[in-house]
Amino acid sequence: MSVAFLVYVVVIVVPYLRRKPAPVGDPADFSWHFFVPCRDEEVVIRETVKYLRGTFRRAHVWVVDDDSDDRTARVVRSVWRRNGGYDANLHLVARQRPEARTGKGDALNAAYRELDEWLGPDADRDRVVVVVVDADGRPAPNCLEVCAADHLFGDETVGAVQLDVRMSNFRSRPPGRTWFSRAFGLKLAQLQDLEFRTAIAAIQTSRGFTGTISMGGNGQFTRLSALDSIAGDEFAPWRGSLLEDFELGVHLLTAGWRTGFTPDSHVAQEGLYSLRRFLVQRTRWGQGTMQCMRYLRRIWDSPHVSTLGAAEMMYYLAQPWMQLLGSLLYPVPFILLLVSTAGDPGQVWTWFTGGAWILFAIYGSFGLLPFVVWGPIYQMKCLRSKNIFRGIGMGLLYAAYIYTFYITSWRALFRLVRGRNGWAKTRRNTEASAGVKVALDA
């Protein structure tokens, strides 16, 4: 498994490093609608709405209040009423329980239905683009012109485009009682930035060759006619998986749409400072990936997905299960070594110094190098720094960071087996520092 993963990384590194910026298009050729799903987002939603309305003046912003326990809806209404008038491009979709708080996908479906009713029957739905942005998301000002390019939404076969994702706070040291907590929080945010801007961006770039570029939950652009084609009788293009973004991509690809990815623009979001909240988030993602295993047959049988593309998607869906298996297999050589050492230390030492240490070095290298390589790449390509030693250090930390996924895969499996499929909202850093109490659907 280590060798297979190393080959996978080598294949994606070269296209990522060689890619050049592409030409842009004219945003006026399309109608843009931002969907902002909110559940207890009082702390961040005001500035997000102001940013979206101020940066993209011709676009519409649809805020979905998923029956928040805080003042999210009231804050949006206060922004809507400005200068004694009303903002015609700002819309509030208010949901109520029991229909509300059933997942991000359901909240997006509610906005989709509201948009459909608002547009009416005469709209050119091929020219309407829905943009999903988190409540703390900040799409770059150039994102519309980038996505309007001929090779993206200018191509009528492209149904969706995913932006590059960056952490807005990767240079901001968090508040904390001790030096260690502040340093740990900052490094965790930086590792999330490294993950999205290098490893994930490289994987997405390589998926351009397999035709299987996937969607993300933030910075997700989708053509309305593409959503229509997969909405079905329930009028719900987003389905019930905890990984609703990847699930959307599966349905689009198997319906015959192409998907795109661009690192020429980005969406900034808040990186998590807390390891506990990070593990909750990644457990949800892992469980969502496990849930999407039900689409294996759909992917394999689809005439719109190539054999190579199907293999790539199946590899992605198998990752949580491979991590479960790996967590059982990888320790076996070390356990056997400890048992042998306890039985006959002299013989084990002779065997080890006789050349066996080379096997362990190779074994460790295959487990670390696929992750360590991203540290220097991040340092040079993203931070524009030539400090190679700091890059290697970041790479080693990233390797440790990745191994937390073995923990989250087991947590995801336990939740799946126990039938705990509720959508758990991850608390934001601002909520924690402000002492805002957020209800989690655990």
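Are Asp134 and Lys104 buried or exposed? Both residues are buried, and the report returns to this pair below. The structure described here is a predicted model.

## Overall form

The chain holds 17 helices and 10 strands. A compact globule of 442 residues would have a radius of gyration near 22 Å, and the value for this chain, 23 Å, agrees with that expectation. Along the principal axes, the C-alpha trace extends over about 85 × 55 × 50 Å.

Of the 442 residues in the chain, 52% are buried. Among contacts with a separation of 6 or more, 82% are made by residues 24 or more positions apart.

## Surface and charge

The accessible surface of the chain amounts to about 20900 Å², and carbon and sulfur atoms contribute 59% of that area.

## Salt bridges

Side chains of opposite charge can pair when their charged atoms come close. Across the whole structure, a search finds 18 salt bridges. One of the pairs consists of Glu42 and Arg71, whose side chains meet with an N to O distance of 3.1 Å. This pair links distant parts of the chain, 29 residues apart: Glu42 belongs to helix H2 (residues 42–55), while Arg71 sits in the loop between strand S2 (60–66) and helix H3 (72–80). Glu42 is partly exposed because its relative accessible area is 27%. Arg71, with a relative accessibility of 36%, is also partly exposed.

A further salt bridge joins Asp134 to Lys104, with 3.2 Å between the closest N and O atoms. As stated at the outset, both Asp134 and Lys104 are buried.

## A wider link and a network

Asp228 and Arg125 also form a salt bridge through their side chains, at 2.5 Å from N to O. Because Asp228 lies in helix H7 (residues 224–231) and Arg125 in the loop between H4 and S6, the pair ties together parts that are 103 residues apart in sequence. The two partners fall on either side of the 20% limit for burial. Asp228 has a relative accessible area of 25% and is therefore partly exposed, whereas Arg125, at 18%, counts as buried.

Salt bridges also occur as a network, which links Asp40, Asp67, Asp69, Arg97 and Arg101.

Thr222 is located in strand S9 (residues 220–223). Its relative accessibility is 0%, so Thr222 counts as buried. Which residues does Thr222 touch, not counting those up to four places away in sequence? They are Val128, Val129, Val130, Phe153, Gly159, Ala160, Leu227, Leu248 and Leu252.

Gln287 is part of helix H9 (residues 275–291). Gln287 likewise counts as buried, because its relative accessibility is 0%. Gln287 and Arg258 are 29 residues apart along the chain, and 26 Å separates their C-alpha atoms.

Definitions and conventions
Residues numbered from 1 in each chain as written. Predicted model: local features only at pLDDT ≥ 70, side-chain atom pairs only at ≥ 80, totals over all residues. Heavy atoms only, no water. Salt bridge = Lys/Arg side-chain N within 4 Å of Asp/Glu carboxyl O. Helix = DSSP H or I, 4+ residues; strand = E, 2+ residues; numbered from the N terminus. Buried < 20%, exposed > 50% of the residue type's maximum accessible area, 1.4 Å probe, protein only. Rg over C-alpha atoms; globule rule 2.2 N^0.38 Å. Contact = heavy atoms within 4.5 Å. Areas by Shrake-Rupley, 256 points an atom, 1.4 Å probe, with all protein chains shown as cover.
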